[in-house]
Every structure is written in structure tokens, then in C-alpha cells.
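Biologist: Could we go through this model together? I would like to begin with how the chains relate to one another.

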Number of protein chains: 2
Amino acid sequence: MESSITLPVFQDGLPLYEQLYRHLVGEIRQGRPAPGGRMPSKRQLCALLGVSMSTVETAYSLLTAEGYLVSHPRSGYVVADLLPLTPDPAADVPPPPPAPPKWKFDCSTSAVDTSLFPFSSWARITKEAVYENPDLLQRGHPQGDLPFRAALADLLGQYRGVHCAPEQVVVGAGVEYLLSTLLQLLPGHNAVALEDPGYPTAYAAVARNGRRAVPIPVDAWGMDPEALEKSGAALAYVTPSHQFPSGVTMPVGRRIRLLSWAYGGPERYLIEDDYDSEFRYASRPIPAMQGLDRVGRVVYLGTFSRSIAPSIRVAYLILPPALLERYRKVFSHTACTVSRFEQEALRRFLVQGLYGRHLRRVGSLYRRKCAAFTQALAAIPGVKLSGQGAGLHFLLTLPRLSEPELVERAAAVSVRVHPLSRYCHAAPPVPATVVLGYAGLTQQELEGAAAALAGAWT
Amino acid sequence: MESSITLPVFQDGLPLYEQLYRHLVGEIRQGRPAPGGRMPSKRQLCALLGVSMSTVETAYSLLTAEGYLVSHPRSGYVVADLLPLTPDPAADVPPPPPAPPKWKFDCSTSAVDTSLFPFSSWARITKEAVYENPDLLQRGHPQGDLPFRAALADLLGQYRGVHCAPEQVVVGAGVEYLLSTLLQLLPGHNAVALEDPGYPTAYAAVARNGRRAVPIPVDAWGMDPEALEKSGAALAYVTPSHQFPSGVTMPVGRRIRLLSWAYGGPERYLIEDDYDSEFRYASRPIPAMQGLDRVGRVVYLGTFSRSIAPSIRVAYLILPPALLERYRKVFSHTACTVSRFEQEALRRFLVQGLYGRHLRRVGSLYRRKCAAFTQALAAIPGVKLSGQGAGLHFLLTLPRLSEPELVERAAAVSVRVHPLSRYCHAAPPVPATVVLGYAGLTQQELEGAAAALAGAWT
């Protein structure tokens, strides 16, 4: 059977063998020659195309290496037995979602103030971490490098009252990743109790991992232990330092009630997300619940994305002994998700005292911002504020308007505020409440936002 | 009810208020005073301890802030209603697993050669990426920053024949993380077809995500399409460039068979892990299967951990349009797991041509190592090698010994080799075969290892 290929039209740019190869791939995929059919001999093709032997040889050897052609010692090159593909028409790449609106004042809660970020120190230690540690190129420990974990254990012991050995620390690229990791250690925990109102990211992570999120009401002291007990869940996620979004700090009595819930059944665990614990304005930070736990039923979770910057993807779990043993079995061959150079840079940032200094500077900035914003907002008649003693957001209540009115009138003057009901799974809250984050705005902008809100709401 | 607390013994070091606070926490937690009981008045305690009023005030206000005490306007400070906790004895942190043995020659497959890593360029661009991009501190796009994704799409189009828009790229901290991400996009895909023999990390990731791994035999051209069709799985993970561990490169006919399997049912997807595609010695790299797919049923997966260094945690998925749409719904609020500074550093590494140069240098080093090692091993009587045309490992068969004999005799001369059966789910392979990685050893060490193996196996 003789071939019936068309001949290529050569153009400038790509090498001739490449153009010939591409042309022949197209021909073969369109059935010229059909599977089993013979290709022109190399010499024939040279003559037909007026190219050198090596051009044809290279193209044929590529086609053979990739399996388009089979070379037979006597009969030359034959097209391989390729299945015809009759594909559906290709789907187009969906257009990107519309760009979010530009706000004059964005009071959502995810921003942080990066104006005090110590660029020159960070650039210096990043460079040193690369230069001075060539051994950090090879694969490290799945939990993160031990010197970094030791620095973290020190930090958490000193600042947060966490009791742990460096062996218990698991470093990972963000809180969501570590939540997934933890759920993979607890495959039988199908229901996860979450705070209501609560952190949407935790709800989403639970759902993505195929578990059922069980909303548990939050009262003035945090998650309700009786509702938790009734829920039947054996795993509960709480934010005791500064509940998101209510701003409640859980008093020690409630912490002990939750611990005693955990001790009341086998395999019950509390996840303590120590969210925003770095920033507390009324008194010093309240020690972590993990430090009260003497049995090993609290999994502590923290991150540098709020205290340093959202783009630094370093978070950490502290596993109790029983879960550490399980981790070592399930994750022994995985790779840590944080680059070792970044771990080493952050270790230097911690042990050289740069992190402590940064926290003090940025904490005092947030304190001033919070004072300026709350003072200006408190002047609006009827406004009540809560949860402003810690963290980077607070709640504002204004009973005379409805929640949609609060949000829409704010939007009309280009101030973005989130309704509390956005974070609620039970009935919408009464009186009307919005969540105000202030970290991403300057003091001047905060005063502007407060003035705009005062006008919009009166 | 009057209190019955013991008094602290002050020591040097901590401030007095802190010592008093800690002492009182201990007392209260041991029921002195019992819940509801009255604390000594501040003035009483000053007098008893001989400390200043501000010391006692600070300690009491910390105890009140944390919820140990409640302040009543008339009756002073009363212990909060704390539940007594009667914990089980705490579990100890389990001792770390024993350190792995030290090998004279480690021929396992996970190491790479980092001797050519361009430290000074990397340190320079890392520093520049921090200094020149202060805006990279804030939260970025969940899929990774668009300029980096554009550079990746260019690279993959040029080197791997991948057809994609930057919008289709998802950057993540490692192949395992991205496999989890993909499984979360396909929650109904309970069975995942994996190559047998195959990559243990893929098996582990599937199991950790609560899916069932279905081993599908690999023949001389890769995954068997008939067994795949029979398996009932709608998701298959394959390594066409250089199958792990057999070293097979999948010819185009088999690729088309697998594509036609994917097109044969709704929601069928192929995961193409383009493992080790950067290193090919016999001919130029074979284009990715993704480039053959015109319908959108191939998810392409790649990483820099082999081509640059294992500790650089940057991998990427190319999602077909249908899955991209789903990703945007499910992951729209998540944070990318790779630091933005690291994305920017790697982008510069790519577009400044440093990556291409590094690949050429290290590829030619691996080619020399592979040649030296295979040449020395081929001299051992009865030895057959396969899969050495690409990647960083190959297979060695020696029918005259059993597989355990091959491994144990190698271990006796301190050469670590892995048996092929380690990666097999079906019956152990015949004849006896071991997997040899060479990237982590120098040329001299490889010659030493080959000499040691020659002695051990004859």
C-alpha cells in the first residue's frame, strides 16, 4: 500500500525537520496514510522535498520514538495502529469571573497592614537562608525542619502558654491545608462541629474533605457545650482567642467545659484555631486552651498569615501524642508543603527577635487604628460596638436599620461592610449587625469610612 | 465564705505580678477557693504578701480577663464557676522512629543532584523578588499569580506541547497537595485507577482522601486500556513520559487508546503526571498527552521538585475547562499554598532563561551519570537493564538470583536498592528486578556502587 500524504510548505522560523515532523503528525492523525500504511522512503521524501537526508531522518526518528511510525527492517516505515479519535468539539476556557467592584473603603476582614513589614531584614535573611544552607535543597522532614519546629515550640510556649515538644509540631502551607491534613488523620470523624456564626473557610474545608459541618451556636462565651454534646460530633473547631466573627474571647470556665466534653468520650478532639491571638488591646493575650489540656485532646492551629503577611504561607499544627503517632504512620512519606529556605528564613526571623519586634510595632499600629475607628463610629447615634478588644475586626449593631439597609447604604457611599448573617447558619441575627475589619485601611481612611457611614446611616 | 489560699513564695526572674498570677491559677484550679468562693481583698493580699497594690491589681485583672475570677461591685472578687477537670494521665510524646541506616551508596529514587544548583542567581532573584514587589505581601489569586501562571503556560507549551491558557494553571505546594485538590473537585469519583507497578505516593494520596485505589497492570506500553475499561473507575492516573518505576515511555498509540477510553464515558478524566519528562537521553522529550487531547479530559500535573530541587515546593495542575469552572466555585476563597515571593522568584528564574540553562547543565550531568552507571552494571554477567532512556532511575534484572537475594546481598555491601515488588500490587515480578536511582550519587560513587554490586551478586 502506497502512501498518499500531502507535502508540507516550509516557512521561516522553525527548523525544517521540526516543520516536517509536525506536518507528518497532522497527516497521520488524519489517516494519511491509514494505520498499517507505508510511508514514503526517506530517499523518496528527500527528493520530493528537496531537503537533506538528515532532515528526513530526524523527523522519522522523532515519529518513531513517539510511536507514530514503526520501522520494519525490510519494508521501511509503516504507520502504527492508531485508533481514530473522533472527539466532541472542545470546550472553551470559561471567561474569568467578573472583576470585583472597586471600593473607596474596604472594611472586609481579610486584609492586614503591611506598611511596617521589615523588607530589608526579610530580604537579607531570605538571601542568607539560601546562601548558608546548601543542604536545604534536598528533601526535608515531612513535618518541617526540626530547628524551625523548635523555634516555633519556644515561641508558642513563651507567648501562648502552649505545652509542646518540637516533635509535635507539623508545619504546612496554610491553615486550610493543615485542616485537611488533620481530617485525613481522623477518617472516621464524619461530622465536624463548627461555630455558628463562624469562619467560612473552616466550613468550606470540612465540606471539601467530604465531612458534614454541624453548626453549633456561639453565645457570649463561645461555643455552646450543651449543643455540642447533643450534636453527636466527636470533633469540634473553635476560635477561643477571638471568635470569628463575634469577637468573643472564651473565658477559662467555658474552655474547661469544652475540655471536659472532649474528655467525656473516646476519640473526641478540639481544634483550637488561635486566630488573631497576637493582637489584644485590653489586656495581655489569654493563654491558649492547649495549655490547659493535660490529656492530649486539643489540636492547636496557628498561622503567620495575619501576623506577618497573607502571602507568607506558613501555618502550624501542634498534635497531641496519640495523633502524632498516627501522623507518623499516615504521612511518613509525604513532603512538607513549605519550602525549606522559607522555613529557615522564618526561623531566623523568630530567633533573631525580628518577629517579636514586628509584632510589637504592628500591634501598636492596630491599637491606634482600632481606637480611631471605634471612637469615630461610636459617635453615630444608636451604634453599639463589640469584640473590639482583640484581633483585627469588631461588630457594629444599629437596631434602627435592617441588616440589608446597613450593608446597602454603606455600599452606596462605597464602603464595603459584611453583614453578620453572611457567617450565620441559624436565623439571621437581631438587632442588625455588620462586621468591620480595619487592618487594611490607614487611620485617615478609617476616619473617612466612619464619616461616610455616619452620613449613610442617618 | 472566706478563702483558704496558700501564699506564693516569690523568686527571682519573673515579675511579681506574673508569679502571683501563676500561683493563684494553680490554687483556683485545685479548688482553693472553691467555685463561688471569695478571694482575699486586694488590700488584704497586699498586706499579707508585702507587695505593692499594683502587683495585686495586675494579677487580679489578668485572672478576671481570663475568666478565673468574677468581680462583684460590692462583695469583691469571687472564683468563677469552673468545672473540676479530672483528666486521665497524659500520654507521653512517642519517641521518634529509629534513624534510618546509613548507606555507603544509596540508589533509592528520591534524590536529585543539587551540585549544579545556581545558588548565587537564586539568592539574587529571591532578594529582588522581595525588594521590588511590596504588593506581593497581600493575598494573591487562589490559583497563583497570573504572571507566574503565564510563564508556566509558555514553558509547558514550548517544552511539553501542552495547550493551555494561563487561566487553566493552578499552582500548589507539591504534587500530593494538587492531587488532593483534584480529588476534591471530583467528589463522586470513589475509585481511582493507578498504575501497577506504580508511584506509592499516588496510592497513599488516594487512600488519605478516602478513595479506593484500583491497581491497573502496566505492560510494555504503559497502563492497559482494557483492564482500565473493566475496572469501572472514571479517573486514571498515568505517568506517560517515564512510567514509575518501569521506565516505559508510552507510545502515541497507547496514549490515543487511553484518550478514547476517557472520551467513552461522561466525567472520565486522565491525570497525566509528567514525571521526569525534563530528562530524556535517547531522543528529545516526547510531547505531553495533554497536547493530544482536544476535548478536555486530561489533567496535566508537573513539578519543579525533580528539575530544580526537592525542597522547592512548587507544582502545577493544568485543568481542562469543565474542571476549571468547578474549581472556581469550590476553591474561590482559598489561598494559594505557594508564597507569592517564591512564585515571583521562580517566574524570574523561568523568564530570564536561568531554568532552561539549569536544565541543560543538569540534564547533561545525568546523561553522563546514567551512561557510567549502566555501562559498569552491564558488565555483570546476566544483567539486563531497561527504562534507562529517560528520568533518573532504571530497572535491573538478574534472573539467576531471587529478588530478596538481590536486595539483601546489595545491603550487605551497603548499597541500598529497592525491589520492584515494593511498587507492585499484583504478583511479584519475574525475573527478579530492582529499581536503581542514580541522581544522588557522584559519578565516582556510581562506579563504586557498581563494583560493590558486581561483587555481591556473583
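Modeller: A definition comes first: the copies are superposed by least squares on the C-alpha atoms of residues with pLDDT of at least 70 in both. Please keep in mind that this is a predicted model.

Biologist: What rotation and shift superpose chain B on chain A?

Modeller: Chain B is brought onto chain A by a rotation of 180° with 0.0 Å of shift along the axis, and the RMSD is 0.1 Å. This is the relation of a two-fold axis. As for the contact surface, 100% of the contact residues of chain B recur in chain A, so the same surface serves both copies.

Biologist: And which residue of chain B comes closest to the rotation axis?

Modeller: That is B:Lys127, with its C-alpha at 3.0 Å from the axis.

Biologist: Changing topic, how many salt bridges are there over all chains?

Modeller: The count comes to 36 salt bridges over all chains. One of them joins B:Arg348 to B:Glu132, with 3.0 Å between the closest N and O atoms.

Biologist: Which parts does that pair tie together?

Modeller: B:Arg348 belongs to helix α11 (residues 340-351) of chain B, while B:Glu132 sits in the loop between α4 (119-131) and α5 (146-160) of chain B, so the bridge ties together parts that are 216 residues apart in sequence.

Biologist: Are those two residues buried or exposed?

Modeller: B:Arg348 is buried, since its relative accessibility is 10% and the cut-off for buried is under 20%. B:Glu132, at 48%, counts as partly exposed.

Biologist: With which residue does B:Arg254 form a salt bridge?

Modeller: Its partner is B:Asp219, and the closest N and O atoms are 3.0 Å apart. This pair also links distant parts of the chain: B:Arg254 is in helix α9 (residues 252-263) of chain B and B:Asp219 in strand β6 (residues 212-219) of chain B, 35 residues apart. B:Arg254 is buried, with a relative accessible area of 11%, whereas B:Asp219 is partly exposed at 29%.

Biologist: And what about B:Glu229?

Modeller: B:Glu229 forms a salt bridge with B:Arg268, at 3.1 Å between the closest N and O atoms. B:Glu229 lies in helix α8 (residues 225-231) of chain B, and B:Arg268 is 39 residues away in the loop between α9 and β9 (269-273) of chain B. Here B:Glu229 is partly exposed at 44% relative accessibility, and B:Arg268 is buried at 14%.

Biologist: Let us move to the sheet formed by four strands in chain B. In what order do the strands run?

Modeller: The order is β12-β13-β16-β15 (chain B), in an open sheet with antiparallel pairing. β12 (384-386) and β15 (418-419) of chain B are the edge strands, each with a single partner, so one side of each has no neighbour in the sheet. β12(B) pairs with β13 (residues 393-397) of chain B over three bridges, in the antiparallel sense. Within that pairing, B:Ser386 stands opposite B:Leu395 in β13(B).

Biologist: Which strands does helix α12 of chain B touch?

Modeller: Helix α12 (residues 354-378) of chain B packs on the sheet and touches β12, β13 and β16 (433-437) of chain B; its direction makes about 5° with that of β13(B). Helix α13 (residues 403-412) of chain B also packs on the sheet, touching β15 and β16 of chain B, and its direction makes about 40° with that of β16(B).

Biologist: Now helix α2 of chain B: which residues are buried there?

Modeller: In α2 (residues 42-49) of chain B, the residues B:Leu45, B:Cys46 and B:Leu49 are buried. Viewed down the axis of α2(B), the buried residues fall within an arc of 105°, so they line one face of the helix. The face turned away from that buried side carries the exposed residues B:Arg43, B:Ala47 and B:Leu48.

Biologist: What covers the buried residues of α2(B)?

Modeller: The cover includes α1 (16-29) and α3 (53-65) of chain B. After α2(B) comes B:Gly50, with a positive phi near 65°.

Biologist: Finally, where is A:Asp276, and what is its phi?

Modeller: A:Asp276 lies in the loop between β9 and β10 (298-303) of chain A. Its phi is near 60°, a positive value in a residue other than glycine. At 2% relative accessibility, A:Asp276 counts as buried.

Terms used: Residues numbered from 1 in each chain as written. Chains lettered and ligands numbered in written order. Predicted model: local features only at pLDDT ≥ 70, side-chain atom pairs only at ≥ 80, totals over all residues. Heavy atoms only, no water. Salt bridge = Lys/Arg side-chain N within 4 Å of Asp/Glu carboxyl O. Helix = DSSP H or I, 4+ residues; strand = E, 2+ residues; numbered from the N terminus. Buried < 20%, exposed > 50% of the residue type's maximum accessible area, 1.4 Å probe, protein only. Pairing = 2+ DSSP bridges. Contact = heavy atoms within 4.5 Å. Axes fitted to C-alpha atoms, helices over the stretch in contact; angles between N-to-C directions. Arc of directions from axis to C-beta.
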